[in-house]
Amino acid sequence: MLIAAGALLLSIPIFRFVNPPITTVMLVDKLRGATLKRQWVPLEDISPHLRLAVVSSEDGNFCQHWGVDWAAVKEAVEAANSLKGVRGASTIPMQTAKNLYLWKRRSYVRKVLEVPLAYLMSAIWTRRRMLEVYLNIAQWGPGVFGAEAASRYYFNKPAKALTRREAVLLAVALPNPHLRNPGKPSRRMLLIANAVERRMPIMVGRSDCVLKP
């Protein structure tokens, strides 16, 4: 366990410059017999529409916090306590830590591990690198990993050519990629996509850390 922990900690500064060859989520799918569809591309080759849509949908304060958005955590706890429904509070760094090092099944243990990993990764990586890694390892369907593979799989085009609407549909599929299909969105998925798309113009000024060169 100490060796594994040491290797994990050593990999974080390495992955600031070297692209991760595989993730735990990919490895599990591979062991289950899935054929992995993935192709790493730099952030510059991912449509700004998708960058903005993912930040707007997943982590509105991505350019302001340093790994964990405690205001969102507080809102999630209050929503749960008031029985209004459970809402997520995972940031992009936490999602990146989960996809890269941990597992998909929800648990308190996973959340406890996500927090320090998110802080450490945010301290070592730039925000542009964080989003680049996330968009290249995130799952968008059975065996489909990364924005480039997802764009080609669902829309037959590279990630840099995505339209705004296509980008929004991909972004809102991230919380549940096995049930949400960007190519054949359900009515509920379209409602979520419309809400995210309305939010995007407001988010432009708060997302300059990943939109500007």
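Colleague: What covers the buried residues of α8?

Modeller: The cover over the buried residues of α8 includes α3 (48-58), α7, β1 (139-141), β2 (144-145) and α9 (164-173), where contact means heavy atoms within 4.5 Å, and where helices (H or I, at least four residues) and strands (E, at least two) are DSSP runs numbered from the N terminus. This is a predicted model, in which local features need pLDDT of at least 70 and side-chain atom pairs count only at pLDDT 80 or more, while totals for chains, interfaces and linings use all residues. Residues are numbered from 1 along each chain as its sequence is written, and side-chain values use heavy atoms, with hydrogens and water left out.

Colleague: What makes helix α8 mostly covered?

Modeller: Buried means under 20% relative accessible area, exposed over 50%, and partly exposed in between (1.4 Å probe, protein chains only); seven of the nine residues of helix α8 (residues 147-155) are buried, among them Glu-148, Tyr-154 and Phe-155.

Colleague: Why are α5 and α7 called oblique to each other?

Modeller: Their axes come within 10 Å and cross at roughly 45 degrees, the axes being lines fitted to C-alpha atoms over the stretch in contact, with angles from 0 to 180 degrees between N-to-C directions. Angles under 35 degrees count as roughly parallel, over 145 as roughly antiparallel, 65 to 115 as roughly perpendicular and the rest as oblique, and α5 and α7 are therefore oblique. The contact includes Ile-92 and Leu-100 of α5 and Met-130 and Tyr-134 of α7.

Colleague: How do you know that Cys-63 and Cys-209 are joined by a disulfide, and why is the disulfide called left-handed?

Modeller: A disulfide is a pair of cysteine sulfur atoms within 2.5 Å, and the S to S distance of Cys-63 and Cys-209 is 1.9 Å. The torsion about their S-S bond is about -75 degrees, so this disulfide is left-handed. Cys-63 lies in the loop between α3 and α4 (70-81) and Cys-209 in helix α11 (residues 208-211), 146 residues apart, so that the pair links distant parts of the chain.

Colleague: Why is Cys-63 called buried?

Modeller: Cys-63 has a relative accessible area of 12%, and is therefore buried.
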